[in-house]
Amino acid sequence: MDILSLFVLVPVLVVALLALTTGLKQARLVALAGGLLQFGMAVNLLFAYLQERAVNDAIFVFTRDIVWFKQLNIHYSIGVDGISVALLLLTAIILLAGIFISWKIDDLPKEFFISLLVLATGVYGFFISIDLFTMFLFYEIAVIPMYLLIGIWGSGPKEYSAMKLTLMLMGASAVLLVGILGIYFNSIAGGGALTFNILEIANVNIPYEAQLLFFPLTFVGFAVLGALFPFHTWSPDGHASAPTAVSMLHAGVLMKLGGYGVFRVAMFLLPAGALEWSWFFIILSAIGVIYGAFAAIRQTDLKYINAYSSVSHLGMVLFALLMLNKTAWNGAILQSLSHGFMTALFFALIGMIYSRTHTRDITRLGGLLKVIPFISAIYVIAGLASLGLPGFSGFVAEMNIFVGSFQQEGLFHRVATLVSVSAIVVTAVYILRVVGIMLMGPVKNEEFLDLPQATWYETTGILLLLLPIVGIGVAPLWLSDMILKSIQPFIQAVL
Amino acid sequence: MDLNSFFLMRHELLLLVIILLFVTAEIVIPRKKKGSTVHLAILLFGLHTALGFLTLEESSLFGGMFRTNSLIHFFKNVLNIGVLILLLQSADWLQKKIEKQNRGTEFFTLLFCSLLGMYFMISAGDFLMFYIGLELSTLPVAALAAYEIMKRKSSEAGIKLIFSAGLASGVSLFGISMLYATTGSIYFQDVIQVITTTNLTVLGFVLFFAGLAFKISLVPFHFWTADVYEGAPISVASYLSVISKGAAAFILMILLFTVLKPLMQVWENLIYVLALATMFTGNLFALRQHNMKRFLAFSSIAQAGFILLGLITGTQLGTATVVYFVMIYIFSNLAAFGVVQAISQKTGKENIVDYEGLYRTNPRLSLVMLLALFSLAGIPPVAGFFGKFFLFTAAASEGYYLLVFLAVVNVTISLYYYLLVVRAIFLRRGDNPVPHFSNQLYMRLGLAFTVIGILVLGLYSPLYDYIYELSGVFN
Amino acid sequence: MQTAYLLLIPLIPLLVFLVLGIFNKRIKPAVSGYIGVAGLAAATMLSCFAAFQYFFVADKVNGAYQTFIQKTAWMQFTDTLQVDMGIFIDPISVMMLVVVSTISLMVHIYSRGYMKGDAGYTKFFAFLSLFTFSMYGLVLATNLFQIYIFWELVGVSSFLLIGYYYTKTSAVAAAKKAFIVTRFADFGFLVGILIIGYYTGTFDFEALNNPAGSAIQNWAFTSTFMGLSAITWALILIFMGGAGKSAMFPLHIWLPDAMEGPTPVSALIHAATMVVAGVYLVARLFPMFLFVDDGFVLQVVAYVGAFSSLFAAVIALTQTDIKRVLAFSTMSQIGYMMMALGVSGFDGHEGVGYMASMFHLFTHAMFKALLFLGAGAVIHAVHSNYLQDMGGLRKYMPVTNFTFLVAALAIAGVPPLAGFWSKDEILVAAYENSPLLYGIGVVVAGLTAFYMFRLYFGIFWGKNTRYAHTPHEAPLSMTIPLVLLAFFTSVVGFIPFSRFVTADKMGFEAHLNYPLAAIAVAVGAAGILLAWLFYKTENDLSDRFAHAFGSLYLWTSHKFYFDELYLFITRNIIFRYISAPIAFFDKKFVDGTMEGIGNKTVLLSRKIMSVQSGKVQDYAFGFIGGVVLLAAVFIYLWTF
Amino acid sequence: MIPGISITEILTLSTILFFIGIYGFITRTNLISILISVELILNASVINFVMINKYLYPDILQGVLYALFIIAVAAAETALAVAIIFNLYKQTSSVEVKETETMKF
């Protein structure tokens, strides 16, 4: 059993185990064990990868290739590079934190953790796939549990949001499917067999017309999951209705699939298409960046604010990817990571505040710093991190993106860059608005005066997420080196 | 031809024997004991199914009127398994029927006759055999649809089915007569030599095609479907939607890929149009159904539309994907109908609203339903995903990207209404949810088979490759 | 020179911050106070030792102080572009080290008395240490990017400290305002950095500032925009960042409100150290400012500085909140420094402006901190910020009175106190460059003297106010720093600054320009005299005077309505006319479209419902119709 | 070969018959008469088969054979249909087609 397949196998086994459990206590213990195990695997993978990379300079390492559907030349073929390793680690950490945060889930706990782990399985599988078919398969596996997770354990207009989210994402995957098939049928390498394998396709140069046709399909198909304007509207409602852990996993991990897919598939396999279309999508993503930020200023529901800030931050990711250079891409990956941690942290904190005050409307909250100092303080820190304060991961990522996009000469790119850079000011505005109204100021509501402090599992969850943010922010070099090395072959393919 | 070449018709002969057995059973077994015939049926048919797997070489009889080959043989086995599962699922209900209303064994007789018809239909080597098979497979089902003699809806279903069937067969016969006029033969191997696209052949083909389209219930020949499904007993509806549709799709594929190959440039456009019409109509109607059976009826219409995506190619890949998809579809739909059956016969509830809160009372059934719906909607990792993906691959391989795109849009629409059911079962709590109950052994077996099918057929790839090899026979 | 130990200077406060921050709840307030002071004392000693080492021990390279750099890679952007973290030792950074350490130490000691009994005592010291750390980092930065990083950090610690009384709405608003305004300026700064990074391929000050280096030599060959070269734009934008931090017009509005923070904070951050970061930034990049585009940007700096100083001085005349008066005076003095930089040349005596600016920064830090701490002591005693609640305090708090007087004299430029020397140098520089600037300088000097003594007399003399409970002298922990600072204020002026801190690092002999000095002193004396007449004893002269000016008085007392303007922009433009529409648009249209698709589909399915009419004959009709249609299509239309 | 009558007339006849049947199917309100219309349709094709066989391909009797089978199957179909109609009659005591329109949409 190779080190990567475990990432698919272990969650499945944990799911099987969970199916046997009864009651909250057993369920969460099993889930926790599973989460810890996966976390251990991810960390172990990181070191194994660093060792392997030292001796092995293939694009993907730990590769394994098993023929699955012989006739269609579909393989179960997996492998990782620095990027996927980092994202796997992100997933494992957020999953673990999510399990901690949902320690007290009361309704159908078993099913909750099962769905959560199925989702995780999909994500893991997606990140380790080299084969387009398996990638697509895992993509859908990752998306579909959201329906149950939001629909059953959500709040507010949960059925509506769940349906909307699922349909929009599945609609996107519909577009994506056509794109993938298009790539597949143009992947004949000099009379060879059609293939789904990314690396093999990369060696073929797909006809120009085909690229023009299929790049937008593939790009949009993935980017909808990355909240590309104007296809982002599933995310605010979805996040607002989802239970805490789900928002964390969804915004923290699932939305990263979008950027990752764009990077791995759309950009890597259809470079010419990327060059041709980049201007169009640059406009969209730049709009998304500034638009999300401004929209966030006006919201009063914490989750909506965070959802729109996600639109803004992930717009940054797509924007960076479209800038087609090493630095920007590095920034994009870093941004994916840091946004993953930060937004997960945000949602965790929002969940805690909500579970205590039973409202997410900032206008009805106030002076929380006085009442629940620890949570509020962390919220301030998360806020500062999210507005790109040095010393936190967000800053590193954004700086890479900005420096990268500045490498692009030409007025159009300059203007687009300035637009997205200006987002740092707007971001500050809406973050400080929340901090000012909700955490500072007088306590608005007497019954808030005796709210319970953070419990041990909440604290653990928070710290799990906070440490990486600070870690990346203070010492980014090793991570960005790891990512840069992995980006190298891809950038060469594009340029 | 010597005697043992008769054993090429093993399926048919065995089934015939069973039918005769039941006819006699009708006479010899006293009324009180009729209930036990259910076990007999399951036993015999299980045996028949098992024997069906014995290999046999491909050949043809009666100067080509009856032919068989590995793919046909394989497909007959698939049909057998389907019918067996169907029997298992409806055993409990049948037993009650027979004992309460002291009915005879006609249900089995008719069911097996219809199946026999299918056998002949798919091994038909000429239009006559094909026609007889078609009718033999349709008429008994009409009787079965009217099986619930006390229910008006049942008779209504029967009438609608038999009249529509009569019309359809009439039209298609008229078409066949024209084909006969142009080609001068009713034998496929002769027809294929001489047939060309003249106006008359095209007309004849369209008329003939309508007859089959009726059985697969393609738009606009689908109207009977929903009403019949709703009125007929669930197991009959299930049979119609699964076995008869599957068989019809299969024979249509055979005809298109072999006999009518010369008309390809006609039928590929025809199928293009019908595929879109069928998918959209099926989905749009399914959106707002309240009755489970009607809902499944329209969903099965939409599924038929997807099948056409494989037919349009006329290649080996197309054949393989169609057979593969039909097989998966049989299992998925049987699972869905099985759950409906189970709930209906315990509580008599058939509306989606009644399913609210089902998960909290009957988690196992709900999970089966979930798998079935996901498989129908094409959600990984269950089989339906692979089936659909491969169908689309087949269509795309011939460059029908737009068609694929529209089809995938339809998948999204269909996902919506499948999720409506999931919503009722899992998300809602319901005012008076179905109380917890436990199924009797046969039903459990029936559902278990379907679940295994749904889980295994997709992930276990050698199966597909095997089908692909078999599919070589037509190209 | 050995530089390794210098790393400790920033690291000690950081450590203190971490300790106090993490064990916030577990540490007793008293202890935390001691920890903070001890840490800072250590840092201060190190800084002073470093200064001694650098200026007197370390040997010069052909007459110039050499720069010592110690750095480690922090981030690799492109193959060429890399960001280091490290320390950069040259005259101004060492000078700043001393300033920051001294003031911070004083403030720490002072705070132990001032903040006694406050709930967040420990937190307060934690924040102070955080700020000190960031300020050290900023001062010691080796490259533009590092300076930007710590720039943001001082910004946030200032945010935290202004919002220290976070239950007070006004404090929160002030904190937000400070952060966002400076953030806006930093946006410019960042873009400037990006441009520099792209066109010069480096962030390092060493490379950038080298007059013979490519960065300066090739400025003209970079692409131009609106007639200015990219590098010029970059410098303008960088100055924008500096202006934001240093509260230059028109980005000054956050500074007065920042006085919501505790007074020691105002003394440390908003008077002595952080607000001069802008000046420091310009000085840091001085060669670029000077040589690129023939000092065009430097001119901008000069005029912005001059205008800001005049503008602020005028406003300061009419404010009644003593801390705000001091705030505007700070702004005015910083404008002075900017002006001085702007009029400076490079080598030898040319660079007198540069030297003067740094000198003034140094002295100003001392006496302005002293003023604030004094004001703090007064507020502490009177429990009010407003002049009208004060008067005749000299009887109650002699020490404060005396030290405040010293500071006031210093800022008014009365010899031999510190302010006199630095201000004189600035005027000299301005005089040599342009008469206009010189004129402004002189006027501002007069105004400064006037409002400062208006303040002094208003607090310590003037009417004998009845106090609810008699004010008393501040505790020792507060008076000691006052005395110390007063001492510094009176002596630092005699430091021969021009030997140590100059643009070309060479050092030269500066000598008093007597006529100019005389004028300056005379003007200052006039201002003081006027204040004496108006405010020494209670009388209505001032009011009549105010009436004489009428509307102008009104405008100045409302700070020329700048806050209102900004409020309008933020509240109305951004919120009402940008965010709200976007939010609406998002719900209504973007989301609406997606909704619409779904609803339309369902609607359609309702529309076509009746096709399934249940009549077997209709079905037959459909059937036949379909057949006929298809047949017709494939026979006549779609023929082959 | 019927002298004086070419295949055209006969095919015309059968076609007319076919459409009469369809017309009847669509317009009649009585189930029995609808059933009769179905028979007409079937018979139309019967005539076709026989005549095509006779006129065009006289050497092999495929068409005629086919016709025989059609007749047989038609008979069976009718029987079954009538049975079901009886069943309906038991419940509704009417054989009008409008009795069979309860399930719709």
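Angles between axes under 35 degrees count as roughly parallel, over 145 as roughly antiparallel, 65 to 115 as roughly perpendicular and the rest as oblique. The axes themselves are lines fitted to C-alpha atoms, for helices over the stretch in contact, and the angles run from 0 to 180 degrees between N-to-C directions. Helices (H or I, at least four residues) and strands (E, at least two) are DSSP runs, numbered from the N terminus.

This is a predicted model, in which local features need pLDDT of at least 70 and side-chain atom pairs count only at pLDDT 80 or more, while totals for chains, interfaces and linings use all residues. Residues are numbered from 1 along each chain as its sequence is written, and chains are lettered from A and ligands numbered from 1 in the order in which they are written. The model scores ipTM 0.89 and pTM 0.91.

**A helix pair in chain A**

In chain A, the axes of helix α4 (residues 109–128) and helix α6 (residues 145–153) come within 9 Å and cross at roughly 150°; α4(A) and α6(A) are therefore roughly antiparallel to each other. Their crossing is left-handed, a term used if the near helix is turned anticlockwise from the far one by less than a right angle, with right-handed used if clockwise. F112(A), S115(A), V118(A) and L119(A) of α4(A) make the contact with P145(A), L148(A), L149(A) and W153(A) of α6(A), two residues being in contact if their C-beta atoms, placed from the backbone, lie within 7 Å. By class, this contact has seven nonpolar, one polar and no charged residues, where Ala, Val, Leu, Ile, Met, Phe, Trp, Tyr, Cys and Pro count as nonpolar, Asp, Glu, Lys and Arg as charged, and the others, Gly among them, as polar.

**Hairpins**

Two strands pair if DSSP finds at least two bridges between them. Strand β1 (residues 61–69) and strand β2 (residues 74–80) of chain A pair in the antiparallel sense over six bridges, with F69(A) bridged to I74(A) in β2(A). Four residues lie between the strands of this hairpin, where N73(A) takes a positive phi near 60°. In chain C, β1(C) pairs in the antiparallel sense with strand β2 (residues 82–89) over eight bridges, A73(C) having D84(C) as its bridge partner in β2(C), and the hairpin joins β1(C) to β2(C) through five residues.

**Interfaces with chain A**

Chain C places 37 residues in contact with 38 residues of chain A. On the side of chain C that touches chain A, the largest share, 13 residues, comes from α6(C), and by class that side has 25 nonpolar, seven polar and five charged residues. Chain B has 25 residues in contact with 25 residues of chain A; α17(B) gives the most to the side of chain B that touches chain A, with 13 residues, and the residues of that side divide into 19 nonpolar, four polar and two charged.

**Backbone details**

Most residues other than glycine have a negative phi, and most peptide bonds are trans. The table lists two cis peptide bonds.

| Cis peptide bond | Omega | Loop holding the proline |
|---|---|---|
| F229(A) to P230(A) | about 0° | between α9 (208–223) and α10 (234–241) of chain A |
| F249(C) to P250(C) | near 0° | between α9 (230–245) and α10 (254–257) of chain C |

L324(A), a residue other than glycine, has a positive phi near 50° and lies in the loop between α13 (302–322) and α14 (326–357) of chain A.
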